[in-house]
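Let us take a walk through a protein together, one step at a time. Please have a look at the sequence and the model below before reading on.

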Amino acid sequence: MSVEAGSEQLVRVVVLLGAGVVAVPLFKRLGLGSVLGYLAAGLAIGPFGLGLFSDPQAILHVAELGVVMFLFVIGLEMQPTRLWSLRRQIFGLGLAQVVACGALLTGVGVLAGLNTPVAFVAAMGFVMTSTATVMLILDERGETASPRGQKVVSILLLEDLAIVPLLAIVAMLSPNEAAAGVSTWKTVALALSAVAIVTVAGRWLLNPLFRLLAASHAREVMTAAALLVVLGAALLMQFGGLSMAMGAFLAGVMLSESTFRHQLEADIEPFRGILLGLFFLGVGMALDLGIFVTHWPQVLGGVAVFMVVKAVGIYGVGRLFGASHSDSLHRMVLMAQGGEFAFVLYSTAVAAGLLDGPANAALTAIVILSMALTPLAVGGLRWMLPRGAAKVEGIDAAAGLSGNVLMIGFGRFGQVASQALLARGVKVSIIDMDTEMIQSAESFGFKVYYGDGSRLDVLHASGAATALAIAICVDNKEAALKIVELARHSFPQAKLLVRAFDRGHALELMSKNVDFLVRETFAGASEFGEAALRAIGVPPHEAAGIAAEVLRRDEERLALQMTGGIKAGLELMHSNRVKPTPLTKPARPAGPDAG
């Protein structure tokens, strides 16, 4: 019996993987995105499709770990200082959007005939945008780190935090008022305790732990430790009444300044991708087609009205906070759906006696359908954006590339740097994120692929594992440093040649032992200074000697700065500051009659 049970479970795993493997590439080929592919696959194999699975909730509980790991990776990119700089967006923009959309949707529910508590619960469930859907779309489009992407992330963080007071409000609205009061205080105390424990552990325990494990040189132990941190923080937050995703995000933030953060991201990445796909498969299975068939006018009407009203609220808040029409439209289309936290809120409302089973099923169906429509809406965004928005038709993403040199960034610097390699007949793979530049390069005979070089999966797809050298020509300091760390850890066979933005950036790169770096303006500026000497009559050999001496002094100063900081070696610089004593002896002593 145990063998048969094991075989049955294995069949289920194969079916899940097979459904995703077939549906996702097909839907991406059609331009509909991976989210819709997973949802369609889940619907096909679920209880309302082929019936291969009868309990989608069980899969959702496991697959929710994909969302958890996604938030952990986002947290790794959010240093505390960076998170603090987003505080106005989180608690200003995010709170305004939640309050405005909640009020509008509650009003819609009341007008539809629901009593106020039920209308409020239904509305707030829909206000909670799907973190998994939005983050995956941003990730696929390479917009997570962009300014508009950071604003979306800030709003999602506020919504994750809002689930705690919302659950407390549902408890207070419960007919059992005494129990609700006790539950509220208990929820707040447990939540604060969980946050405190995760913060203390992340601040003082995790870095020493990973240093100790790194000394063992056992890669599998580091992977296990990464999973332990993510799942442990998520579990602790769940015990405290918070979302597991928030716990993982907080753990990521605590490790964001660790030297191990990129290795942790690489270790988590495979688990995150698979489990996130399972999450969307589970959501697709959870769509109750029975409710849809019997109440389709109400369900479709609810989807249309809720999405339109929420979209209006998002756009209005965006414009109120100074966002452009394009950015507000982008945020509106991306976030006008319900999310996975609605399932938690509606289930709690059922337990509290605020919702009955059919109402819960109908509201859940509305949320799932809105999640399914989001990729379609995002795909149609290019027709709604004003003219001049970047177009990506005809641009190929990096996939299956190979070459002796991988060049990341093809701006003016990269274009010049590539000429010597191409003149020698070296096979060069080139990636960049600027779609306009890629299209322009195409017209000049270059083949540049779209790809974010600061992502490990993109580096693999671009052929970094077989490249003899990786030329990092991007004009972003943080991106260059991240690429260096990823490449040094994952592609040790490749020489690293890096464009340094300025002197401070060069010092950081030198500390990471890159094979070659050049400050983007230093060589040109040195040549310019030598030419200026010749232009005013200095003999060419003397001008060349002075330029060489300046270079020698600069290299000596860099060596001093490696240990003494950016202010070290200032005496090696020539200055035009007026000195307290004259440079030449005066012809006559100064006096009252001196002219």
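Two strands are said to pair if DSSP finds at least two bridges between them. Helices (H or I, at least four residues) and strands (E, at least two) are DSSP runs, numbered from the N terminus. What you see is a predicted model, in which local features need pLDDT of at least 70 and side-chain atom pairs count only at pLDDT 80 or more, while totals for chains, interfaces and linings use all residues. Residues are numbered from 1 along each chain as its sequence is written, and side-chain values use heavy atoms, with hydrogens and water left out.

Let us begin with the overall picture. The protein contains 26 helices and six strands. Of its 595 residues, 47% count as buried, where buried means under 20% relative accessible area, exposed means over 50%, and partly exposed lies in between (1.4 Å probe, protein chains only). A contact means heavy atoms within 4.5 Å. Among contacts between residues at least 6 apart in sequence, 72% join residues at least 24 apart.

In what order do the six strands lie in the open sheet? The order is 3-2-1-4-5-6, and the pairing is parallel. At the edges are strand 3 and strand 6 (516-519), each of which pairs on one side only. Strands of a sheet pair through backbone hydrogen bonds, either parallel or antiparallel.

Strand 1 pairs with strand 4 (residues 469-472) in the parallel sense over four bridges, and here Ile408 stands opposite Ile472. Strand 1 is also joined to strand 2 by four bridges, and these two run parallel. Across this pairing, Leu406 has Ser429 as its bridge partner, and Met407 stands opposite Ile430.

How does the chain get from strand 1 to strand 2? It crosses through helix 20 (residues 412-423), making a right-handed β-α-β crossover. A crossover is right-handed if, with the strands pointing away from the viewer, the path from the first strand over the helix to the second runs clockwise.

Strand 2 (residues 428-432) is mostly covered, with five of its five residues buried. Val428, Ile430 and Asp432 lie on one side, Ser429 and Ile431 on the other, and both faces are covered. Two bridges join strand 2 to strand 3 (residues 449-450), again in a parallel run, and Asp432 stands opposite Tyr450. Between strand 2 and strand 3 the chain passes through helix 21 (residues 435-443), and this β-α-β crossover is right-handed.

In the loop between helix 24 (503-511) and strand 6 you will find Asn513. Asn513 has a positive phi of about 60° although it is not a glycine. Most residues other than glycine have a negative phi, and most peptide bonds are trans. Is Asn513 buried or exposed? Asn513 is exposed, with a relative accessible area of 57%. In helix 24 itself, Arg503, His505, Ala506, Leu507 and Leu509 are buried.

Finally, let us see how some helices meet. Two packed helices are described by the angle between their axes and the distance between the axes. The axes of helix 5 (residues 87-111) and helix 6 (residues 116-127) come within 8 Å and cross at roughly 135°. Helix 5 and helix 6 are therefore oblique to each other; angles under 35 degrees count as roughly parallel, over 145 as roughly antiparallel, 65 to 115 as roughly perpendicular and the rest as oblique. The residues in contact include Val98 and Leu105 of helix 5 and Ala119 and Phe120 of helix 6.

Helix 6 also packs against helix 15 (residues 296-320), at an angle of about 65° and with the axes 11 Å apart. Helix 6 and helix 15 are therefore roughly perpendicular to each other. Here Ala122, Phe126 and Val127 in helix 6 meet Phe306, Met307 and Lys310 in helix 15.

How values were computed
Axes are lines fitted to C-alpha atoms, for helices over the stretch in contact, and angles run from 0 to 180 degrees between N-to-C directions.
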